[in-house]
Amino acid sequence: MMKTMMPFFLVGLLAACSNATIPDVKRQFIDDGQTHPLVVVLGGSEGGNTLANPQWQPFLNGFNDIGISVAALGYYGTENTSNSAAELSLDGIAKRIKALSADPKINQNCVAVYGFSKGAELALLLGTHFDEINHVVAVMPSHVSWNAVKTLSSRSSWTLSGNALDYIDAPLLSWKMQKGNVTGEFTPAFEAALTEATPEAIVAARIPVEKTNGPVLLISAKHDEIWPSYIMAGYIEAGLHETNFSHPFKHIALNAGHYSFNKKVQTEVNQFLSETLVARCANKEY
């Protein structure tokens with residue numbers, strides 16, 4: 001669900017076409033004798049470790065510029081992760097993040113996850129279920145868990161404590177999904193799945209973002225052609241209001257499509273992280 005998004009991120013594109021192996025995790029930690037906050041970035045449904053590719057280097061550098069260490073983490077489709085996108089262990093992914101935060105260069109009290117699309121779904125789930133992750137940035141997010149991508153049979157994307165999470169099913173082989181392969185418009189398939197799901201199924205699959213142990217930033221697209229991120233982010237935002245969420249949260253709605261994330265938006269995200277994550281590490285008020 002994520003592709004190269006703009007010229008800002010096209011720096012080094014030719015290098016990306018090389019045969020160099022992309023690692024399971026790419027660390028870019030600040031090494032100045034002090035501890036710094038950590039942001040773990042997560043790519044979309046394409047799998048692998050997209051954000052470790054050379055064209056994303058300016059994106060990673062931007063975190064270091066504001067005093068944040070960063071790691072690009074592949075959660076499936078890399079050498080040492082599952083080839084399948086089905087029933088990925090949230091516990092296992094959280095354990096890998098905890099190992100990253102244990103580095104002496106990192107302040108373990110200041111850990112954020114930052115996901116794009118399917119990675120945004122993952123980031124929200126991690127923030128919900130693991131208190132040591134205390135900041136979440138979700139770009140083109142979902143308010144529910146979905147079925148596993150690139151999987152013909154209907155299976156959950158995630159497990160927690162060995163149990164598969166409930167999910168809403170948007171079947172890969174449905175007419176609307178297959179039509180999207182021609183039109184590039186997959187949102188109708190996800191909208192239909194949400195409409196056809198029972199209220200009980202929606203409740204069971206809902207990501208309880210209000211349980212997150214820190215600030216939440218949502219970036220959505222009003223004209224999202226992949227899935228209805230604007231509507232789904234709206235559900236998350238409403239839930240945070242209804243539960244009187246005690247941490248800062250913000251929803252930036254872009255008047256554009258799924259791949260509209262750009263340098264301007266990234267500047268807004270980094271400003272939010274400076275005011276929350278960096279401030280937390282400096283023992284300041286949000």
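Reader: Is Glu87 buried or exposed, or something in between?
Author: In this predicted model, Glu87 is partly exposed, and its relative accessible area comes to 36%.

Reader: Which residue does Glu87 form a salt bridge with?
Author: Glu87 is paired with Arg155, and the closest N and O atoms of the two are 3.6 Å apart. Arg155 is likewise placed in the partly exposed class, with a relative accessible area of 34%.

Reader: How many salt bridges does the count come to?
Author: The count is 5 salt bridges. Among them is the one between Lys264 and Glu268, whose closest N and O atoms are 3.3 Å apart, and another joins Lys105 to Asp103, with a separation of 3.8 Å between the closest N and O atoms.

Reader: How far apart are Lys264 and Glu268 in helix α9?
Author: They are 4 residues apart in that helix, which means that about one helical turn separates Lys264 from Glu268. Lys264 is exposed, with a relative accessible area of 60%, whereas Glu268 counts as partly exposed at 27% relative accessibility.

Reader: Switching to the inside, which residues touch the most other members of the largest nonpolar core?
Author: That core has 44 residues, and the ones touching the most other members are Val41, Phe59, Tyr114 and Trp146. Helix α9, which covers residues 263-281, gives the most to this core, contributing 6 residues.

Reader: What is Val41 in contact with, leaving aside its neighbours within four places in sequence?
Author: With those neighbours left aside, Val41 is in contact with Leu51, Phe59, Leu60, Phe63, Val70, Ala71, Ala72, Leu73 and Tyr114.

Reader: What does the second, separate core include?
Author: The second core is made of 41 residues, including Val25, Val40, Tyr75 and Val149.

Note on methods
Residues numbered from 1 in each chain as written. Predicted model: local features only at pLDDT ≥ 70, side-chain atom pairs only at ≥ 80, totals over all residues. Heavy atoms only, no water. Core = buried A, V, L, I, M, F, W, Y, C linked by side-chain atoms within 4.5 Å. Buried < 20%, exposed > 50% of the residue type's maximum accessible area, 1.4 Å probe, protein only. Helix = DSSP H or I, 4+ residues; strand = E, 2+ residues; numbered from the N terminus. Contact = heavy atoms within 4.5 Å. Salt bridge = Lys/Arg side-chain N within 4 Å of Asp/Glu carboxyl O.
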